[in-house]
Amino acid sequence: MTETPGNGPTSQSVLDLVGQRPIGRIPVQEVSPAVDGGDRPTKSVVNELFPITATVFREGHDKVNATVVLTDPDGTEHHVRMHLLNPGLDHWGTTVFADREGIWSYRVEGWSDPYATWHHDATIKIGAGVDVELMLEEGARVLERARDEVTRPDGDRDRLTRAIGILRDTGRPVDERLAGGTDLRELLTHAPLRDLVSPSRTYTWWVERQLALHGAWYEIFPRSEGATQDPETGLWTSGTFDTAAERLPAIADMGFDVVYLTPVHPIGRINRKGRNNTLEAQEHDPGSPYAIGAAEGGHDALHPDLGDFDDFDAFVARAKGLGLEVAMDLALQAAPDHPWATEHPEFFTTRADGTIAYAENPPKKYQDIYPVNFDNAPATIYAEVRRVIQVWIDHGITLFRVDNPHTKPVEFWQWLIADVAVDHPEVIWLAEAFTKPAMMHTLAKVGFQQSYTYYAWRNQAAELAEYVTELSGRAAAYMRPSFWPTTHDILTPYMQYGGPTAFQVRAALAATLVPTYGIYAGYEHCEHVARPGAEEHIDNEKYEFKNRRWDLDTPDGGRDEAHGRPNLAPFLKRLNEIRREHPALHWIRNITFHSADDENFLVFSKRGGGAHDGSDSDEIIVVANLDPHALRATTIHLTMPSIGLGWNDRFIAHDLLTGAQWHWGEANFVQLGPGALPVHIIQVRKF
């Protein structure tokens, strides 16, 4: 039998023998959020409301309380009282926020509350005439400790001294003496007397700039922007950074925050892919920009057709002047003629016949690229990638969209993102990882600020509600979703056959369900024709130039009858205006789903802003008909308290897309679909 040391608590050496951490005099358990038990940081952005909960209790009947202690990047501690959310479960919580970027931390402290214990016992006993003088004297002694042991202003100390005197003044009525001690709740809540303080472990909290959570991305292939085709020979002239810059004002006018460039590096010639991913390229086929590297250079070089670094810098400067940040595609793979293939053959996998293995994802084959083997020479590979990243940071790049990060070691990304953050905390990483949930979530946990998601394949109301509930719950502590209706790799059957209505509803949902979403160029024209047998565009831009003739678009967004295409640019512009004007759409944890009689309708609301005092409070309701083929009518049912109203209240429903207004309550008739807009975005205006 192991003896307990005489000072009370079991020694840590004994606990180590049985694999336990000390539980603390006042147990603090189930602190949330705690990513991987606290092994990974939790995340938020500046001014994002951040809920923290814990289970805190003790033996017996003495009162306990709980405090969240925030430590800011300067090491200053900030104490925030928690509230008892569920007495039966000893569940405590509060909501905090960080007012600046940096590495914060938090812990939960449980503590015995001698004042609350006395207040409770004295009220009962004195009311029953039991131990009256004893309870009054015990109250005086508690207040003496509160005055002498806690730092507080002179005015508060004087108030406590007066209360002590009243408690001991036998010439006063008992009720008056008791009131003198019990009327101090507010003072002792602000600066309490705490006994047996028991801290949880400390949890790291990364606080980043708001673009890490809330932003609108627009993707382009720079070589297509301004590309021209000779009508006689059919040969193309590539667009350049200069011609791509001419597209930037339109992108900015639509309200996007980020312009994302697919790879801009030299493209390999060996095994170059032709149009529609054919194995043999024609003489003038430009090849896939994801087959990176040629005689002109690798990941640290520019394709000569696009221009030089002066041209690139001018593009970035033009974007920033329009309020756009530039994101670059980071695809860590190499064409067979990439300089790495000759200078660093150890970066790749050599097969038994001595050849370097090209990339495969059976049944898909990518003969034009070699995947990097991070296990052959990790130190050299890590250093080389870090060097490449710095090249682009030095040229003004603040965001990286990472191609297929799930095919590289997670520990590599953990190191790279952390190493960059030391000197460049402004850099944001978006993971393009359409893969199993464990990998997607772990990439987010080790540093990726944003992640592509399964949104493109979630088309039913029930599955969208289930998925977004997951993303806005526990996962929101580390994973920030980015919703894209289409990409240059993805064109789902819903988009292929749903017509312009599908493009409208999927953009509107992407823009309102989560704070970050993205649009691939050409979405405005509802490009929907797929390559046979594939869920991607025919004549895919990965393998050829595109001239979308933006100059033919009508300014009002009407259909260009001469070319048979719609123009959704004004619709996208309005979506982005709504997003900027309404703080409720800037956050992820504030979503509530409602019901509709027709299962084809998705109904949800977002409430609240970023200001901790509620000064920018906002309520938005979104109603969408997910059937792009039929005009449908239904009755929706709102959970009124979730929008700050009573069950029988009425409000003005102001449609932010059309300007129409209705009087709504708990149950409301709606009709949406083809021939009209498929979605309402409603601002709640209270009477």
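In the predicted model, the side chains of R632 and D627 meet in a salt bridge, with N and O 2.9 Å apart, a salt bridge being a side-chain nitrogen of Lys or Arg within 4 Å of a carboxyl oxygen of Asp or Glu. R632 is partly exposed at 27% relative accessible area, whereas D627, at 12%, counts as buried (buried means under 20%, exposed over 50% and partly exposed in between, with a 1.4 Å probe and protein chains only). Because the model is predicted, local features need pLDDT of at least 70 and side-chain atom pairs count only at pLDDT 80 or more, while totals for chains, interfaces and linings use all residues. Residues are numbered from 1 along each chain as its sequence is written, and side-chain values use heavy atoms, without hydrogens and water.

A search of the whole structure finds 48 salt bridges. Among them, R194 pairs with E109, the closest N and O atoms lying 2.8 Å apart; this pair links distant parts of the chain, 85 residues apart, with R194 in the loop between α6 (185-190) and β9 (195-199) and E109 in strand β8 (residues 102-112), where helices (H or I, at least four residues) and strands (E, at least two) are DSSP runs numbered from the N terminus. E109 is buried, with a relative accessible area of 5%, and R194 is partly exposed at 25%.

A further salt bridge joins E384 to R387, with the closest N and O atoms 2.9 Å apart; the two residues are three apart in helix α11 (residues 378-393) and are therefore separated by about one helical turn. E384 is buried at 14% relative accessible area, and R387 is partly exposed at 37%.
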